[in-house]
Each structure stands twice: as C-alpha cells, then as structure tokens.
Amino acid sequence: MFLQTLSLLNFKNYTEATLHFDQPICCFLGNNGSGKTNLLDAIHYLSVTKSAVNPSDVQNIKLGESQFMIKGRFKMNEKTKEVVCSFQSGQKKIIREDGQDCIKFSEHVGKYPVVLIVPQDIELIWDGSEVRRKFFDSLLSQIDHSYLENLIVYANFLKQRNSALKMFAERGHADRDLLASYNEKIIPAAKFIFKKRKEFLQEFIPTFQKHYQNLSEAKPENMDIQYRSDLEDRDFTELLTKNLLRDIQLQRTSCGIHRDDFLFLLNGNEVKRFGSQGQQKSFLIALKLAEFQMIAKKKKFKPLLLLDDIFDKLDDTRIDKILKLVSEDTFGQLFITDARPERCREILSRMNLNADVVMVENGKFTIS
Ligand SMILES: Nc1ncnc2c1ncn2[C@@H]1O[C@H](COP(=O)(O)OP(=O)(O)O)[C@@H](O)[C@H]1O
Ligand SMILES: [Mg+2]
C-alpha cells in the first residue's frame, strides 16, 4: 500500500492543499504550530475515519468554514483507490471509496491501516486502563472488523443498560425484563471480545518482546503484558446475575470487558513504577513496532507508519534502530515530522535514506 496523493480542503489550518508522494519516506518539517501533525492526522483520518487528535469533527473544520474534506489516493496491489472523508457541520460524515458511499465505517477501518507513534504514547504507561484498552481495541479493529462490530454493540447496549440502571434508581423500581434484553446483546459481544483479546495477546507478546530486546541495549529484561478481565475464570452471565443488586445500587454495570486492563510489567512489576525512562521509551516503541508487525502479518501488506516528533524524545541509538528497520525494508511508507529540519536531514543522511521533504509553514508548504 502506498499513499500517492493527499488533498485537503478546510481541514484544520489548511485551506486547500495537495501533496504527491514518491519516496517511501516523507518528512514534514517546520516550526511548532505550522501544521505538521495536522497532515499526519489527515492520513490517520483516511484510515480510521477519525482524527487521532481531536474527536470532535466540528473542531477539525477550519475555523470560519462549514465543512472539511480529505482525499487520499492509494496504490494497492497495482490498482489505485480513492478515499474521501468529508464532514459538514450538523450532518453525518461521509466516507467514500472510489465514489461509493461507505455505509458501515467498521468495514472501512483496516482497509488502509496506519500505525501512529506520538510523544503522547507515554500515556499508555502512565494513565488508567482506558487508554490501554483503546490501544488494543484500535489495533484489533484494524485487523478484524467483526471485533469492531462487537465492540460497537457492547458499547451501545452497555450505555443503554447504565441509563436504565439510573432510571430504576430514580423510580425506585427495576425492570428486570429490560435488563435481560440488554444482557442478551451484551453477553455474546463481551465473550467474543474477551476471547479475541486473549488470543491476540498470545501472539502479540512474543513479537513485542522481540522488538523490546532489539531496542534495549542492556542484558535481556523480562518485559511482559498481562491481560486482566472480569471474564477470566468466570462466566459473564453468572457474573451479571450475581452483581444485579449491586449494579442497581451503583446505577452502573460493575463488571464486564469495559473494565479490562492490560498490565505492562518489568520482571513482574509495573513498568510505570519500576521502569527507567529509557525502559519506558523502549517499551512504547516496541509496542508500536509489534502493532505494525501484527497488522502487516494479518493484512499481508504493510501499514503506513506515522512518526510524530519522535526525534525529540528518543536518543540516537533508538532512532537509528528504528530507521535501520526502515532501510531493511521492514517498513513500507513512512511519514516523519520534525520541528528541526537540519536534525532530520542529518539523521536521514547518516542512515543513507532518501526522502521527500515538505517544509510546512502556517498551513502552507514548499517541497524541497
Ligand atoms: N479547526 C482549526 N482551524 C484552524 N486552525 C486550526 C484548527 N485546528 C488546529 N488548528 C491550528 O493548527 C495548528 C497546529 O497544527 P499542528 O499540526 O499541531 O502543528 P505542528 O506543526 O506543531 O505539528 C495550530 O496553529 C492550530 O491553531
Ligand atoms: Mg506536531
């Protein structure tokens, strides 16, 4: 897969812009606030039908305008595919592939996969379980659209179940039939997701560990990911029945896969507490490289790799190791942003890599 052209109309700080890509590596260089991340985000949008930065589509429209459009031309197996994402304030967003409206966005996700590495990835280690679930959900959704469909069903009916529990508390009466009808939808979806998460990790962890060892300079370290779920060793139907009174009291569903966590461990201890800064950085990069490899393996082609401002955060050894993978053809097409053009050029020349260079300034660019 190769993104040949990217066109934007009123997307964030871009009025109208078209970029053509020839080289497997393209660098977006320029000062902070100029619009480099916005370009990566547009590519991300084409892939997963949403922004990685701003979940509010209205805020992705250029200030003062009423709609945005992102268009990408991809080369896939000698054919070209045109993907258009557009959104007009107050209306449903539209995704089109070769002129055909996409009805189910869950079927679009994963067709043009991307892996994004950003400085904010540190939240995966530092924040609560939700970000880690999101990471694995987004990864699994890209490789299996039935996973995403089950996730949507689960989220919808869980929301309805929780609203019903609130209503019961207000009215002082619980409608058990209504709860049973939600459970009927929630239970199979939860079981499906639990099984997929568990199976997936068995394959993912060795891939992740291999990348971690490659990145870390020190002696072999025992980095691991442990999946925790209410559904482990317990039947979800029984669990919901057992917790019914508690759920009514709490006015929310107190067990289920929405509480799952993925523990990041170093020798059995939390990486967040016991990992050095260097170990945490390697952990995150290894996680993302493993994500890339898993998608490539399942899809049988390479996702786009988007590296946002990572040269600021990584030392030369780790940068060289990542770019070595690029030069060894492990990766397909790569987009890099950097606020320091001279550093980026120096790194590319050190690694002997050719790249398209786009200089970005206030939502406009020059090609060099
Ligand atoms: N909806 C929008 N309309 C106009 N400008 C926007 C919008 N959303 C973000 N921006 C602008 O985009 C710029 C940030 O772009 P970004 O790609 O994050 O920069 P960087 O080059 O640092 O990665 C900021 O100047 C911000 O004001
Ligand atoms: Mg940026």
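## Starting point

Helices here are DSSP runs of at least four residues, strands are DSSP runs of at least two, and both are numbered from the N terminus. With those labels in hand, let us walk through the structure, which is a predicted model.

## Around ligand 1

Ligand 1 has 16 residues around it, and the closest are Lys12, Asn13, Lys36, Thr37 and Asn38. Two helices, H1 (36-48) and H2 (57-60), each contribute at least two residues to this shell. H1 gives the largest share, with three residues.

What is the make-up by class of the shell around ligand 1? It has eleven polar, three charged and two nonpolar residues.

## The H6 and H7 crossing

Helix H6 spans residues 145-171 and helix H7 spans residues 176-215; their axes come within 8 Å and cross at roughly 145 degrees. The crossing of H6 and H7 is left-handed. On the H6 side, the contact is made by Tyr147, Asn150, Leu151, Val153, Tyr154, Phe157, Leu158, Gln160, Arg161 and Ala164. H7 answers with Leu178, Leu179, Tyr182, Lys185, Ile186, Ala189, Ala190, Phe192, Ile193 and Lys196.

## Two hairpins in a row

Strand E5 (residues 79-88) pairs with strand E6 (residues 94-97) in the antiparallel sense, over four bridges. Follow Val83 across and you reach its bridge partner in E6, Glu97. E5 and E6 form a hairpin with five residues between the strands, and in its turn Gly90 has a positive phi of about 85 degrees.

E6 is also joined to strand E7 (residues 100-101), antiparallel, by two bridges. Here Arg96 has Asp101 of E7 as its bridge partner. The hairpin of E6 and E7 has two residues between the strands, and Asp98 takes a positive phi near 50 degrees.

Strand E10 (residues 261-266) pairs with E11 over two bridges in the antiparallel sense. One pair to look for is Leu266 with its bridge partner in E11, Asn269.

Most residues other than glycine have a negative phi. Against that background, Asn10 stands out with a positive phi of about 50 degrees, although it is not a glycine. Asn10 is found in strand E1 (residues 2-11). Is Asn10 buried or exposed? Asn10 is buried, because 21 other C-beta atoms lie within 10 Å and the cut-off for buried is 20 or more.

Gln251, also a residue other than glycine, has a positive phi near 65 degrees. Its place is in the loop between helix H9 (244-250) and E10. Gln251 counts as partly exposed, because it has 16 C-beta neighbours inside 10 Å, a count between the limits of 12 or fewer for exposed and 20 or more for buried.

## Arg350 in H13

Arg350 sits in helix H13 (residues 341-350). Arg350 has 12 other C-beta atoms within 10 Å and is therefore exposed, since 12 or fewer is the cut-off. How far apart are Arg350 and Thr207 in sequence and in space? They are 143 residues apart in sequence and 28 Å apart in space, C-alpha to C-alpha.

Definitions and conventions
Residues are numbered from 1 along each chain as its sequence is written. Chains are lettered from A and ligands numbered from 1 in the order in which they are written. This is a predicted model: local features need pLDDT of at least 70, side-chain atom pairs count only at pLDDT 80 or more; totals for chains, interfaces and linings use all residues. Axes are lines fitted to C-alpha atoms, for helices over the stretch in contact, and angles run from 0 to 180 degrees between N-to-C directions. A crossing is left-handed if the near helix is turned anticlockwise from the far one by less than a right angle, and right-handed if clockwise. Two residues are in contact if their C-beta atoms, placed from the backbone, lie within 7 Å. A residue is near a molecule or strand if its C-beta atom, placed from the backbone, lies within 6 Å of it. Ala, Val, Leu, Ile, Met, Phe, Trp, Tyr, Cys and Pro count as nonpolar, Asp, Glu, Lys and Arg as charged, and the others, Gly among them, as polar. Two strands pair if DSSP finds at least two bridges between them.
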